[in-house]
Amino acid sequence: RLILNMANNLICAESRKSRPFTVIVEGNIGCGKTTFLNYFQKYNNICVLSEPIELWRDCRGHNLLGHMYEDPKKWSFTFQSYVQLTMLQHHTLPTNCPVKLMERSIYSARYCFVEKMKRDGLLSKPSAAVIDQWFQWLLQNTPINVDLIVYLRSSPEVVYERMMKRNRSEEKSVPIEYLEQLNELHEQWLYHKTLYHCPAPVVTIDANLDISSIEEEYEKCEPHILNKLA
Ligand code: DCP
């Protein structure tokens with residue numbers, strides 16, 4: 001038994017060693033997740049995984065993101081099912097880097113977007129139940145590990161303006177109320193911690209700041225991330 005225990009401990013230590021320290025970057029639409037990720041591209045031993053939005057726009061030729069905004073009742077289930085798959089692919093992607101930095105996660109997909117669509121009746125109860133059954137199964141049976149959450153906290157007015165300015169064709173008709181409600185879900189999940197479950201410690205960043213002064217904010221969470229490179 002002693003030998004078995006020792007072997008077990010060795011295996012655990014080995015798997016801890018090989019698993020990357022995983023950071024997810026969360027926040028409302030247009031809060032600056034991509035800019036945050038770009039800042040960390042300079043470290044070649046951080047595996048930076050941007051959101052697979054191009055896949056969502058072209059799933060075997062189908063623009064699922066576009067469909068979802070055009071006819072949410074018809075397409076929300078299809079879109080969120082695919083988001084869940086692509087997020088799982090990022091969570092489980094092997095890397096030799098000691099740090100993995102991911103834009104969004106399977107958690108914000110479920111706790112913010114699916115939640116909102118369910119509450120708005122855009123996802124029927126049976127459809128939401130199927131997504132949730134998948135989500136729960138994946139959490140139990142696949143190596144989805146999160147060690148730190150960076151929350152880019154923003155106000156809906158600021159991100160609405162940014163979203164309008166970047167003029168992504170699919171998002172043209174997204175109203176500010178949509179961003180207000182999404183903001184509320186992010187706030188409850190990551191700030192007040194009253195919604196579902198927060199899977200890791202949270203570092204909060206003021207994402208309302210302009211691009212010229214935001215780097216100082218980024219530096220706040222840099223040590224949390226860089227310490228893991230040693
Ligand atoms: N989206 C969605 N459901 C999800 C994830 C995203 O409906 N589970 C939508 C919302 C946006 C688009 O996909 O229309 C991209 O949203 P993100 O907030 O994830 O990415 P941004 O590009 O807005 O990030 P940022 O501007 O912060 O870099």
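**Pockets and ligand**

By class, the lining of the largest pocket holds 20 nonpolar, nine polar and eleven charged residues, where Ala, Val, Leu, Ile, Met, Phe, Trp, Tyr, Cys and Pro count as nonpolar, Asp, Glu, Lys and Arg as charged, and the others, Gly among them, as polar. This is a predicted model, in which local features need pLDDT of at least 70 and side-chain atom pairs count only at pLDDT 80 or more, while totals for chains, interfaces and linings use all residues. Residues are numbered from 1 along each chain as its sequence is written, and side-chain values use heavy atoms, with hydrogens and water left out.

Reader: Which helix supplies the largest share of the lining of the largest pocket?

Author: A pocket here is an open set of points on a 1 Å grid over the protein atoms alone, where a 1.4 Å probe fits, with protein on both sides within 12 Å along at least five of seven lines, and lining residues have an atom within 4 Å of a point. The helices, which are DSSP runs of H or I with at least four residues, that each supply at least two lining residues include α2, α8 (156–166) and α10 (214–226). The largest share, five residues, comes from α8.

Reader: Where does the ligand sit?

Author: About 850 Å³ of space lies in the largest pocket, and I29, G30, C31, G32 and R166 are the lining residues nearest its centre. A molecule sits in a pocket if more than half of its atoms lie within 2 Å of the grid points, and by this criterion the ligand sits in the largest pocket.

Reader: How much of the accessible area of the ligand does the protein cover?

Author: Among the polar contacts (pairs of N or O atoms within 3.5 Å), an oxygen atom of the ligand lies 2.6 Å from a polar side-chain atom of E51, and an oxygen atom of the ligand is also 2.6 Å from a side-chain N or O atom of E171. Of the 590 Å² of accessible area that the ligand has on its own, computed by the Shrake-Rupley method with a 1.4 Å probe, the protein covers 98%.

Note on methods: A polar contact is a pair of N or O atoms within 3.5 Å; within protein, one must be able to donate a hydrogen and the other to accept it, and residues adjacent in sequence count only if both atoms are side-chain atoms. Grid points are joined across faces, edges and corners, and a volume is the space filled by probe spheres set on the points.
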